[in-house]
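The points below are grouped by topic.

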Amino acid sequence: MPVGHEINAIIVAGDLFMTAIAEVRKQATWAIPGLAIFLFGCATPVQELWPPPEGAPTHTIVVSLDTWHAMIAITLDERVTALDRKSVFEEWGYAEQAWYLEGRQGITGALRALFWASPGVVEVGLHEQIWAARTPQPPSETFVFRLSETGYVRLRRHLRSTIGAPNPVLVVDGVKFYPSKHPYHLFHQCHQYAAEALREAGLPVSAWWAFSRTSFAMQLRRAARMADEAAASRAPAGK
C-alpha cells in the first residue's frame, strides 16, 4: 500500500475509534462544567516557568484540537510566526496501538482500549502544517503558547520520556510511532497525554480533568486568557 494511503488509513481508523468511545464520554459530559470550576481554582501556573518574563527568550508551541484528537506542535523555526505560512513543526501525539496500527477494531476493540490498560504509541512527525490544518475531523481549534526556556526544555524532556523504546513500531510518510512507556486507557488518552506535557512546561492545566475535548479546551482557553492578561499588565499605561 502506498505510504499516503497507509497514513490515511491510520487516520480513518483513529476517527472510527474516537466515534466508538464518544458515547462513553458523553455520559460524563454533564459533570464537566462543575468539575472545571473546581479544577480552575486549583490549576495555577508554575510561577518560575510560565508565563515567561518580559524580554526573556521564548519558544512557541501550538496545541491542536479537532473533534476527537489533541496534538502538540513545537515550532522549529521561530522566525515564522504566522500559522498560515509554511514552516516546520515537530508534532507529538498519543494513541492506542492495537486500534491505530494493528487493525484490532470494532466493539471489542473499543472496549479493550477504554477499559483495559493496553499498549499505546507515541506519534512524532515533522510537518509543514499543524494538525488543526490537516485533520479530517473538523472543527479544529488552535492554542498558541510561548514557553520560557526552562519550560521548553522541561516539555521536550517530558515528551521524550514517554517513549518506551528507541525503535519505532511503524514509520509512515515521515511520521514515527514509538512504543509508549505508559498504557492507553480511558483515563490516559491523547488529551491527558497533552495536558501532562503542558503542565511540565508550567501551564495551568490538569491532566486529571483533561477527560475530553470539552474539558481540555476549557483549560486551554483559560490559559490563553491568563497569558493575554499577563501581557496586558506589562504593557505601558495607555497602550
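Arg 154 is partly exposed at 27% relative accessibility, where partly exposed lies between buried (under 20% relative accessible area) and exposed (over 50%), with a 1.4 Å probe and protein chains only. The model is predicted: local features need pLDDT of at least 70, side-chain atom pairs count only at pLDDT 80 or more, and totals for chains, interfaces and linings use all residues. Residues are numbered from 1 along each chain as its sequence is written, and side-chain values use heavy atoms, leaving out hydrogens and water.

**Salt bridges**

- Arg 154 forms a salt bridge with Glu 200, with the closest N and O atoms 3.3 Å apart; the term denotes a side-chain nitrogen of Lys or Arg within 4 Å of a carboxyl oxygen of Asp or Glu.
- This pair links helix α6 (residues 149-161), which holds Arg 154, to helix α7 (residues 190-200), which holds Glu 200, across 46 residues.
- Glu 200 is likewise partly exposed, at 29% relative accessibility.
- Glu 91 and Arg 134 meet through their side chains in a salt bridge of 2.7 Å, N to O.
- Within that pair, Glu 91 is buried with a relative accessible area of 1%, whereas Arg 134 is partly exposed at 25%.
- The whole structure contains 5 salt bridges.

**Nonpolar surface**

- Leu 76, Val 88 and Leu 126 make a nonpolar surface patch of about 260 Å².
- Patch residues have over 30% relative accessible area and no salt bridge; like charges are joined within 9 Å, and nonpolar side chains (Val, Leu, Ile, Met, Phe, Trp, Tyr) within 5 Å.
- Leu 76 is partly exposed, with a relative accessible area of 41%.

Terms used. Areas by Shrake-Rupley, 256 points an atom, 1.4 Å probe, with all protein chains shown as cover. Helix = DSSP H or I, 4+ residues; strand = E, 2+ residues; numbered from the N terminus.
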